[in-house]
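This report goes through one structure part by part. Look at the sequence and the model first, then read on.

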Amino acid sequence: WGKPFMRPVTTSVEPGEVLVLRGKSGAGKSTLALALCGALSYSGRARIGGIEISEFENLSSYVSASLQRGHVFNTTVRENLKIADSGASDQDLLRVLSLVELEDIPLDAQLGELGRALSGGEIKRLAVARALLSPAPVLILDEPTEHLDASLAARIEARITEIAHKSARTVIVITHSG
């Protein structure tokens, strides 16, 4: 907030690759994610396909994110997901829910204000599903397996990696876990 918060980061990530940014709480990982999503200004360079992030007119077409405090809207599961891709079919929605092991929640389930009907882990997985549903070529997933047991987290991490490779999407995962 007005002064440097972390050392410069230099990296290049290719389509189909997963980059994991790991560090202590408070190191600036989530702030970096906000900058990569265009939600915060930054100094230096941050480019996608050689174009500076700040120069994109519709950055959300290129970057989809599940941030640390993802929002759940007071509507159905279907409508929460279709925010990422309004043209997605119910079959697409069920496929992405299956990837994060939420297929038991009906698409017409009302989630309530701030997702009151869901646990913390379910809210996080719904936000990850929404990011995965987006056609954006770059995904930023901030703590995508937070609030999950180790076995479920490992399965979801493996699926995210597989999706990145098969779809040639660039995935940036931010975590503090080892």
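The model shown here is predicted. Four strands form an open sheet in the order β1-β6-β5-β4, and their pairing is parallel. Strands β1 (18-22) and β4 (63-66) are at the edges, where each pairs on one side only. From one strand to the next, the twist averages 15°. As background, the strands of a sheet pair through backbone hydrogen bonds, and the pairing can be parallel or antiparallel.

Strand β1 is joined to β6 (residues 170-175) by five bridges, and these two strands run parallel. Within this pair, leucine 21 stands opposite isoleucine 174 of β6.

## A helix across the strands

Helix α1 covers residues 29-36. This helix lies across β1, β4, β5 (138-142) and β6, and runs at about 150° to β6.

## The second largest pocket

The second largest pocket holds about 320 Å³ of space. Its lining is made up of 17 residues; Ser60, Val63, Ser64, Ala65 and Arg130 are those that lie nearest the centre.

## Arginine 78

Arginine 78 is found in helix α2, which spans residues 77-82. Is this arginine buried or exposed? Its relative accessibility is 17%, so arginine 78 counts as buried, because the cut-off for buried is under 20%. Leaving aside residues up to four places away in sequence, arginine 78 touches Asp90, Leu93, Leu107 and Asp108.

## Two residues with positive phi

The loop between β5 and α5 (150-167) contains glutamate 143. Histidine 147 also lies in the loop between β5 and α5. Glutamate 143 is not a glycine, yet its phi is positive, at about 55°. Histidine 147 has a positive phi as well, near 70°, and is likewise a residue other than glycine.

Methods
Residues are numbered from 1 along each chain as its sequence is written. This is a predicted model: local features need pLDDT of at least 70, side-chain atom pairs count only at pLDDT 80 or more; totals for chains, interfaces and linings use all residues. Side-chain values use heavy atoms; hydrogens and water are left out. Two strands pair if DSSP finds at least two bridges between them. Axes are lines fitted to C-alpha atoms, for helices over the stretch in contact, and angles run from 0 to 180 degrees between N-to-C directions. Contact means heavy atoms within 4.5 Å. On a 1 Å grid over the protein atoms alone, a cavity is a set of points where a 1.4 Å probe fits but cannot get out, and a pocket is an open set with protein on both sides within 12 Å along at least five of seven lines; lining residues have an atom within 4 Å of a point. Grid points are joined across faces, edges and corners, and a volume is the space filled by probe spheres set on the points. Buried means under 20% relative accessible area, exposed over 50%, partly exposed in between (1.4 Å probe, protein chains only).
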